[in-house]
Amino acid sequence: GSINDNIFTLYYDHMGFIHKLTPDHFEAGGSFAAFGNSKGIFGQPPDMGFETALAPQFITLKEVVFFAYVPTNEPQESRYTKKFSNIHLGKVIHSRKTGTAYIREILQHNLTEGFLSSIIVEVIDPFGIEEVNESSCLSSSLSITQTGNVTYKLTLQPQSTISSFQDLDVEKTVVIPGYSSFMIISILDDKNALAIATMPAKVLSNMTVPKDSWFLYNFGHRNGRMWKIYAKPCNYWFQQHDDSLSLNVLKYIDLGKSHTLKVKVIPNTKGVRTLEIPLLNVIVGNPNLLEVKTEGSFDDTDSYVMKISAASKALRQGSTSLALVVWGASTECFVTTVVPTLKNSCSYLKSMHHIPSKPIPLEDWTSGIHKDSQGFNMIKTLPVNYRPPSNMGIAIPLTDNFYHADPSKPIPRNLFPKSKKSGKFKQCANASTREECNCTNDQKFSHAVAFSDCREKVPRFKFPVTQYPISLEIYSEDGHIPVEMPYLVTVTEVNRRENWNLKHSVPENVKKLKDYLEPRLDAPVYNPLGLNLSIKGSELFHFRVSVVPGVTFCNLVEEFQIYVDEVPLPFPGHTLIAVATAVVLGALIFITFMLQIRNIHPGDMFQNFMTTNKVNLSNLSINQLPYR
């Protein structure tokens, strides 16, 4: 063939039709070819209509019966070409003016002439009616008189020169709500027309219909067929196992993990008696990234179910798309292809969290008071500009991290030169007051060292802390799971404090891996399951737990804090008291020993001293007494 257009595009759809699109005839969407907006090269998409006029009979606003008219003079051998047949079931009838309807049922009538068949449709879009400028007869009342078994004469009233029947009104249908419709089959004169009734039993003899109480629809074919029947609407719909409405869902697959997508193609039986359920075909964009397996079957409801399993193959990050294509889909289907994207990497929603051994409600964190069964307050409000102690002593903090920072207040424990050189504000940098730090509530309750300036309250424990369970969970879009093998963790104290230790059990199959990792990470490696913490120091300890790389694409890090209070006197208090007591006792013993070997009796000496004093007092004259 040949093409005379200078600019054009050939579009070959998945139903096997080729379309020519030009700047003058182009419309996006799945049904443009059926409406005649583009010209087919190898045949038009099938219009299953036939050359006759249709008469609509409204049952309700949503339910309409279309009667196919067969003229009296139609040859017997060609009458079947003007009747509805089973091929039209489930298709869509479309008015060239406006409106579409779903063909739900086909009816055949045992008549010799007139309406030999009909269809019951469900209106999708309302059909357009004729306007007065298209048919001037609409400006008058209408009188109906029976002239035969199914034929009636339509007369315009009142008689005027403005309103009249025209030759273009032939094959148009008069619709009267609540009564039979009438298809105009001939024009007698400008005021009278002959019509055939769709439902003669619903006609009142010699009835008159006022103006604006009757309407005119055009489903004729004399001046070009005003209706079409085109391909059946989409006979299925997609359902994903998570009821997601997204056609381009994004899923993350972590290292060594897998993800299963489940898609169901469900038949849409509304208005369709017989269905062909289309099957799915899966196309993998990057087959070298993930190991993809598919399994398809029909369930008890005749729905086609496909399960797609994708597993991470190696330490290689990337993304790939899966195209789930329904090759037999109609152009009317809203969804013919679902394209999920699978990323072999860490999900943005995946994180690790420490689960406290004794949870504290949020309202108690706000008030700062949460007492246990013994009346011990488990919340510690930190002093302003607090810094934890160092290994050199409580009064010599060396960490750069401030807690409960307020630049307008003095910094405690800042007498020694090393302490003065350490300590840097983060959230409160370049701020002059705490209000200017702009700490949010989330930052005030955050355990992250990045927001230590905002942290005001921490969990409080009595000394000593022994066998505190470090319980960890991984949160993701799939739920919560405990951190256990094959995950291994490292634990550090962010302020470089000591006086703490960890106990954990190491299975034999993990010991070799632990010995391999520790020299390379330059840090102890622990089994997160059954990990217990003991603290022998005082005040604030700030721990960071990190998952060892190699078992996940994610950088899983969690921090938590423990404040140890009511600590006995610190070193060297106990030792000094013990030494002083020993020295005093030793001195007493030594003095007693020396007195004994020299035969000195302190008791006798004291008695003689008291006796001598009495004698001296008795020899004094009364005039010498002090009160004289």
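Modeller: Helices (H or I, at least four residues) and strands (E, at least two) are DSSP runs, numbered from the N terminus. This is a predicted model: local features need pLDDT of at least 70, side-chain atom pairs count only at pLDDT 80 or more, and totals for chains, interfaces and linings use all residues. Residues are numbered from 1 along each chain as its sequence is written, and side-chain values use heavy atoms, with hydrogens and water left out.

The part to look at is Arg 434. Arg 434 sits in the loop between α2 (417-421) and α3 (441-444). Why does Arg 434 count as buried? Because its relative accessibility is 14%; buried means under 20% relative accessible area, exposed over 50%, partly exposed in between (1.4 Å probe, protein chains only).

Now the polar partners. A polar contact is a pair of N or O atoms within 3.5 Å; within protein, one must be able to donate a hydrogen and the other to accept it, and residues adjacent in sequence count only if both atoms are side-chain atoms. The side chains of Arg 434 and Glu 456 make such a contact at 2.9 Å. A polar side-chain atom of Arg 434 also lies 3.1 Å from the backbone oxygen of Asp 453.

Next, the wider set of contacts (heavy atoms within 4.5 Å). Neighbours within four places in sequence are left aside. Arg 434 then touches His 404, Ala 405, Asp 406 and Pro 407, and also Asp 453, Cys 454 and Glu 456.
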